[in-house]
Each structure stands twice: as structure tokens, then as C-alpha cells.
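Subject: Structure for you to look at

Hello,

Here is the structure I promised to pass on. Please open it and keep it beside this email while you read.

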Amino acid sequence: MVYAVTHSPGWPEVEAAFFDWGAYRDSFPAISRAFLLNVKIFLIAEAFILVFALLLAVLRSLPGPVFFPIRALSIAYADFFRGVPTILVIALLGFGAPALAIDGIPTSTTFWGIVSLVLIYTAYVSEVYRAGIESVHPSQEAAARSLGLTRSQALGWVVLPQAVRRVIPPLLNDFIGLQKDTALVGILGSVEAFKQSQIEVAADFNFTHYLVAATLFVAITIPLARFTDWLVARDRRRRQAGALA
Amino acid sequence: MIEIDGVRKSFGRLEVLRGIDLDVAEHEVVCLIGASGSGKSTLLRCVNLLEPVDAGQIVVGGDEITARGVDVNALRRRIGIVFQAYNLFPHMSVIRNVTLGPRKALGLSRRQAEAEADELLRRFGLADKRDDYPDRLSGGQQQRVAVVRALAMRPDVMLLDEVTSALDPELVAEVLNVIRELAAGGMTMLIATHEMGFARDIASRVCFLDAGVILEQGPPARIFSTPQEPRTRQFLDRIIEAGRL
Ligand SMILES: Nc1ncnc2c1ncn2[C@@H]1O[C@H](COP(=O)(O)OP(=O)(O)O)[C@@H](O)[C@H]1O
Ligand SMILES: [Mg+2]
């Protein structure tokens with residue numbers, strides 16, 4: 001495979017356009033600096049997503065006919081934002097909201113990019129939380145209620161801690177997806193890693209600059225994955241070794 | 001202490017309790033026996049309000065718990081229940097399992113809750129398991145922790161639902177001994193059990209539950225030696241055949 005590619009007739013040109021070590025080194029500092037914006041967008045968005053998604057999942061698990069409207073609304077929300085392509089939400093909000101020119105509404109494209117990502121990923125992550133909540137056997141809640149805990153105390157101390165532990169791996173998958181989708185904010189003009197590499201490519205028509213951005217995204221995914229492995233392993237060790245609480 | 005009066009309960013079209021009348025006096029130990037599916041668990045869950053009753057009333061310690069608008073959380077604090085499947089909280093150490101109720105539902109400080117819990121754990125031979133997680137414990141130890149967890153709420157009444165049914169035979173005795181100790185200490189208890197020998201030893205009264213009604217009740221000596229009802233005799237014969245009496 002590698003041989004077939006590196007010995008193909010077009011390889012020399014491709015190599016020059018995509019794997020130019022000199023170009024890589026030249027644009028690396030600028031694209032890395034721009035990548036800090038991706039990290040910032042990711043961190044801010046993630047903090048809100050984790051909280052909002054949990055709220056949405058809890059609302060959706062409220063029992064009884066009284067809460068039907070709330071359940072229906074949260075289902076509609078999740079369906080809608082999982083259905084619309086991310087890039088469309090970003091374009092609509094990112095170009096639309098500032099154009100309204102309403103006093104007090106931020107005009108920063110990065111701000112609206114973050115809002116879009118939060119709206120979309122809240123829908124996804126709430127589904128993950130919900131699966132976790134449903135995987136905790138009802139007898140756990142019964143045991144908590146039998147001790148006189150209120151419904152929300154049972155949820156907070158018994159159901160959610162177990163639910164969240166179980167969904168850490170799928171949660172991480174969504175983290176990684178979000179980290180990658182921060183590049184879409186670039187379409188609004190925010191100079192993040194992808195936008196910066198586009199600028200570099202436009203200057204010298206060398207596509208190696210995209211490779212710089214790609215390496216940066218991969219480089220941050222790996223520690224994220226190892227961190228989750230560590231969390232999962234620590235939890236297992238703790239419960240099996242006892243006496244370490 | 002417990003007055004159950006004409007209690008009925010259906011699941012869909014299945015009528016599980018068909019008019020139960022049963023009084024348990026203070027310090028009395030009443031054992032419920034009966035075939036699987038006769039409604040023993042359902043009755044205990046109704047007394048703890050884990051299931052709402054369809055008709056009839058239940059009075060515990062002078063308060064009608066089946067009345068509308070009662071504070072179920074306050075009532076449950078006075079009624080301890082231990083389940084067949086232990087239902088310990090797997091994400092918490094033994095001490096945190098035991099102190100969760102006292103801290104969150106009774107509002108005890110952590111220090112006081114732990115001091116009381118340590119005292120109970122010592123009394124039931126679990127002091128060295130204090131910081132272990134449940135999955136490190138044997139079934140017998142887990143069930144004893146479950147008993148301690150219920151006792152930590154200082155309940156007026158204990159409900160025990162086949163607390164030895166999930167245990168390996170060699171672990172049954174340690175749990176039964178704990179219950180004997182509770183009985184000796186004057187705890188009012190309503191116990192669903194398949195352990196006929198145990199019921200004969202410990203019960204002030206034995207009730208035979210059949211198809212959702214209490215068909216026969218009386219002192220264990222009479223129920224086990226000269227049952228009046230053919231159904232009771234049949235049930236006991238089957239138990240004897242199975243070598244459990
Ligand atoms: N939550 C429930 N939903 C539907 N049926 C139930 C439920 N709980 C118990 N039942 C049914 O009620 C009957 C009595 O069950 P149970 O009270 O557990 O009997 P026992 O404890 O004497 O074995 C059984 O037929 C059981 O299938
Ligand atoms: Mg049962």
C-alpha cells in the first residue's frame with residue numbers, strides 16, 4: 001500500500017504539495033497559536049455542555065403525566081439538534097445573530113460558534129447521560145428512597161454518580177467529536193487552526209499547512225483518550241481494592 | 001405498631017394483594033410465609049410506600065401512611081427495609097453506604113453519623129470492612145451491611161424481604177444470627193422468609209400468605225405442627241419435601 005502510493009506517477013508532486021517539511025516548519029508556530037483558540041472554544045463549550053446535557057437528561061427522565069410537556073420539549077430539542085448538520089447551525093447563528101444588530105447581543109463570531117456547539121452537543125451528550133441513568137437498576141433508587149432520601153437526593157447521590165461513571169467512555173467520544181468540530185467555527189472567520197492553515201495555503205498553495213492543523217488535532221486527542229482510560233482504571237481499582245476511599 | 005387494614009394492590013389486571021388485614025404489635029416479630037408470587041414482597045413494599053396501595057389503609061406508629069399528602073420521606077425514615085438482593089450502593093464504601101441516610105435524610109453531621117455507624121458495624125462484626133466497597137464483600141457481609149444501613153436510621157420497624165434467599169447456604173447463618181440479635185433487642189419486625197426453621201425459632205406469629213390473602217395465622221408451633229387450612233398443609237408438605245423444615 002505504502003509502496004503503491006510512494007511509487008505512483010503523481011507522487012513527486014503530491015509529496016511537494018502535501019508533505020513539504022520546510023513549509024510544515026514555517027507555518028507550525030502560527031497555526032499552533034491559532035490552535036489555542038480551538039482549545040479555548042473546546043474547553044468553554046464542554047463546560048456548558050456537561051451541565052446542560054445533564055439537566056436535559058434529568059428533565060427527560062421525570063416520571064408521571066405532570067411532566068409530560070417537559071419531557072416532550074426535551075425530546076423535541078434532542079431530536080432537532082441531532083438532526084441538523086453542525087455546519088448549518090454554526091452558519092445560521094454565526095452569520096444570523098450578529099446581523100440582527102440588536103443592542104447587547106454579542107457580535108463575536110467565536111461567541112456564536114461556541115453557542116452553536118453547545119446547542120448541538122448538549123443534545124448528543126444528554127442522550128449519553130440518559131443511557132447511563134437508565135442503566136442504573138431501579139432497585140438502587142428504591143434503596144435510596146427507603147432510607148428516606150427525597151427523589152432528587154436519590155438522583156444526586158445514588159443514581160447519577162453511578163450513571164456518570166458508566167458513560168465516561170462514550171462521553172469521551174463526544175469530547176473528541178467536539179474538539180474536531182471546533183474547526184467549523186473557522187467558517188465564521190474566527191482565526192482558529194483550520195482558518196489559519198487556509199490562510200497559509202492561500203499564500204503559497206502548499207497544502208502541507210493543513211497537515212500541521214491535522215497533527216495538532218490528533219496530538220490533543222491522544223491525551224484525552226489516555227485520560228479517560230486512566231479514569232476508568234482508577235474507578236475499577238478503587239472499587240476492587242477497597243480501603244482507599 | 002403496624003396496622004394493615006383491607007389492603008389491595010394490583011399490577012395491571014393482576015390482583016396481587018386481595019384484602020390484607022394484619023397487625024404487628026410493638027416488639028413483635030411476624031413472619032410471612034407463602035409460595036413464590038403470593039405477594040410477600042409486594043406487601044412489604046406497600047408498607048414502605050415503595051408501592052402505592054389501591055385500597056385499604058396502613059397505619060404505622062399511629063400515623064396513617066396511606067393517607068393523601070403524607071410526607072413519605074419522613075415516614076420512610078422510621079421504617080427500615082432490607083431487600084433480598086442487598087441493594088447496597090456499589091459506588092460507595094461501607095461507611096458511606098451506612099451514613100448516607102443519616103446524613104442526608106436525618107441531617108446528622110458526618111462525624112456523628114460515622115460515630116453511630118462505626119458503633120453498629122462493630123456490633124455486627126463489620127468494623128474491619130468499614131472502608132471496603134461492596135463488591136469486595138461476601139454476600140453474607142453485604143447483607144449484614146444492608147441491615148446496618150437500615151438500622152442506622154434508627155427505625156421503629158424493620159421489614160425484611162427474604163434476606164437470605166440470594167445467599168450461599170454457608171452464609172445464611174451469619175445473617176440469621178444478626179436478625180436473631182435484633183429480635184432479642186426488641187425490634188419490631190415483619191419478615192418475609194423461606195427459612196421455616198428460622199421462622200419457627202424467631203416468630204411471635206406466622207402468617208401464611210396465599211394468592212394475595214392471609215389464609216392462616218398463629219403462633220409458629222401451631223402453624224407448623226397443626227395447620228388448619230389444606231393449602232397451608234400442602235405448602236408445608238412441599239417445603240418438608242424440599243428438606244427445608
Ligand atoms: N412491579 C411489578 N409489576 C408487575 N407485576 C409485579 C410487580 N411486582 C410484583 N409483581 C407480581 O406480583 C406477584 C407477587 O409478587 P411478589 O410480591 O414479589 O411475591 P413474593 O414476594 O411472595 O414472591 C407476582 O406474580 C409478580 O410477578
Ligand atoms: Mg419476594
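A salt bridge here means a side-chain nitrogen of Lys or Arg within 4 Å of a carboxyl oxygen of Asp or Glu. This is a predicted model, so local features need pLDDT of at least 70, side-chain atom pairs count only at pLDDT 80 or more, and totals for chains, interfaces and linings use all residues. Residues are numbered from 1 along each chain as its sequence is written, chains are lettered from A and ligands numbered from 1 in the order in which they are written, and side-chain values use heavy atoms, with hydrogens and water left out.

Salt bridges

How many salt bridges does a search of the whole structure find? Over all chains, there are 26.

Start with Glu116(B) and Arg154(B). Their side chains meet in a salt bridge at 3.1 Å, N to O. Glu116(B) lies in helix 4 (residues 110-123) of chain B, and Arg154(B) lies in the loop between helix 5 (139-151) and strand 7 (157-161), so the pair ties together parts that are 38 residues apart in sequence. Helices (H or I, at least four residues) and strands (E, at least two) are DSSP runs, numbered from the N terminus.

Next, a word on cover. Buried means under 20% relative accessible area, exposed means over 50%, and partly exposed is in between (1.4 Å probe, protein chains only). These areas come from the Shrake-Rupley method with a 1.4 Å probe; for residues, only the protein chains shown count as cover. Glu116(B) is partly exposed, because its relative accessible area is 26%. Arg154(B) is also partly exposed, at 49%. Look at the backbone of Arg154(B) too. Its phi is positive, about 45 degrees, although it is not a glycine.

Arg8(B) and Glu15(B) form another salt bridge, with the closest N and O atoms 2.8 Å apart. Arg8(B) has 35% relative accessibility, so it counts as partly exposed. Glu15(B), at 34%, counts as partly exposed as well.

Now go to chain A. Glu127(A) forms a salt bridge with Arg60(A), and the closest N and O atoms are 2.6 Å apart. This pair links distant parts of the chain: Glu127(A) is in helix 6, Arg60(A) is in helix 3, and they are 67 residues apart. Are these two buried or exposed? Glu127(A) is buried, with a relative accessible area of 16%. Arg60(A) is buried too, at 16% relative accessibility. Both belong to a network of salt bridges that links Arg60(A), Asp79(A), Arg82(A), Glu127(A), Arg130(A) and Glu134(A).

Inside chain A

Helix 6 (residues 109-135) also holds Gly132(A). Gly132(A) is buried, because its relative accessible area is 1%. It touches Ala163(A) and Val167(A), not counting residues up to four places away in sequence. Contact means heavy atoms within 4.5 Å. Gly132(A) and Ala163(A) are 31 residues apart in sequence and 4.3 Å apart in space, C-alpha to C-alpha.

Leu37(A) is in helix 3 (residues 21-60).

Surface patches

Patches are made of residues with over 30% relative accessible area and no salt bridge; like charges are joined within 9 Å, and nonpolar side chains (Val, Leu, Ile, Met, Phe, Trp, Tyr) within 5 Å.

Which residues form the nonpolar patch? They are Val14(A), Phe18(A), Phe19(A), Phe207(A) and Leu211(A), with about 410 Å² of accessible area together. Phe207(A) is in the loop between helix 10 (193-204) and helix 11 (208-241). Phe207(A) is partly exposed, at 33%. Phe205(A) lies in the loop between helix 10 and helix 11. Phe205(A) is exposed, at 67% relative accessibility. Its phi is near 55 degrees, a positive value in a residue other than glycine.

Helix 1 of chain B

Helix 1 (residues 40-47) of chain B is mostly covered, with six of its eight residues buried. Among them are Leu43(B), Leu44(B) and Val47(B). Just after this helix, Leu49(B) takes a positive phi of about 60 degrees.

Best wishes
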